Amino acid sequence: MEKISLYVLTLFITKDHSFSLGFEQYLKEAFCVYNKIACKNKVDIAYNLVELFYYHNPYKEHVAYILADSWFTSKKPIQKSLDHGYHLISGFKTNRSIYP
């Protein structure tokens, strides 16, 4: 079976610096089932990366904006962003309904 994956990356940007904070590999569910390995869905990856950003963010007192692809827009990462005081900017898929 062909391995179909992509990497989800967090990029931390300030006025003077820009660097990668972390990344996770997303594997298709069929690949994980076929190879009997655990895999995370896109929502769980987004949630974990918001947590990673919060843990490593040295500027917690400043306003933070998270820019995300519509792939990752769902209740769990949106709520986690709000819990940490972040503003989430993203597209919104028409098949989603969220009430944070």
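Student: Let's start with Cys32. Buried or exposed?
Tutor: Cys32 counts as buried, because its relative accessibility is 2%. Buried means under 20% relative accessible area, exposed over 50%, and partly exposed in between, with a 1.4 Å probe and protein chains only.

Student: And Cys39, what does it count as?
Tutor: Partly exposed, at 34% relative accessibility.

Student: How many disulfides?
Tutor: The count is zero disulfides. A disulfide here is a pair of cysteine sulfur atoms within 2.5 Å.

Student: Before I go on, where do these values come from?
Tutor: This is a predicted model, where local features need pLDDT of at least 70, side-chain atom pairs count only at pLDDT 80 or more, and totals for chains, interfaces and linings use all residues. Residues are numbered from 1 along each chain as its sequence is written, and side-chain values use heavy atoms, with hydrogens and water left out.

Student: What pLDDT does the protein chain average?
Tutor: The average is 78, and 87% of the residues score at least 70. pLDDT is the predictor's confidence in each residue, from 0 to 100.

Student: Where is confidence lowest, and where highest?
Tutor: Lowest in strand β1 (residues 5-13), with a mean of 74. Helix α1 (residues 29-35) is highest, at 87.

Student: What's the overall pattern along the sequence?
Tutor: The chain runs β-β-α-α-β-α-β. That gives three helices and four strands. Helices (H or I, at least four residues) and strands (E, at least two) are DSSP runs, numbered from the N terminus.

Student: Switching to charges. How many salt bridges?
Tutor: Three salt bridges. The rule is a side-chain nitrogen of Lys or Arg within 4 Å of a carboxyl oxygen of Asp or Glu.

Student: Which residue pairs with Lys40?
Tutor: Glu24, with the closest N and O atoms 3.1 Å apart. Lys40 lies in the loop between α1 and α2 and Glu24 in strand β2, so the pair ties together parts 16 residues apart in sequence. Glu24 is buried, with a relative accessible area of 17%. Lys40 counts as partly exposed, at 38%.

Student: What about Asp44 and Lys76, how do their side chains meet?
Tutor: In a salt bridge, 2.9 Å from N to O. Asp44 is in helix α2 and Lys76 in helix α3 (residues 75-83), so this pair ties together parts 32 residues apart in sequence.

Student: And Lys80, which side chain does it meet?
Tutor: Glu51, in a salt bridge of 3.5 Å, N to O. Lys80 is in helix α3 and Glu51 in helix α2, 29 residues apart. Lys80 is buried at 15% relative accessible area, while Glu51 counts as partly exposed at 28%.

Student: New topic. Which residues form the nonpolar patch on the surface?
Tutor: Val63, Tyr65, Leu67 and Ile89, with about 470 Å² of accessible area together. Patches take residues with over 30% relative accessible area and no salt bridge; like charges are joined within 9 Å, nonpolar side chains (Val, Leu, Ile, Met, Phe, Trp, Tyr) within 5 Å. Accessible areas come from the Shrake-Rupley method with a 1.4 Å probe, and for residues only the protein chains shown count as cover.

Student: Where is Leu67?
Tutor: In strand β3 (residues 65-68). Leu67 counts as exposed, at 71% relative accessibility.

Student: Last one. What is the phi of Lys36?
Tutor: Positive, about 55°, although Lys36 is not a glycine. Most residues other than glycine have a negative phi. Lys36 is found in the loop between α1 and α2 (42-56). Lys36 is exposed, with a relative accessible area of 75%.
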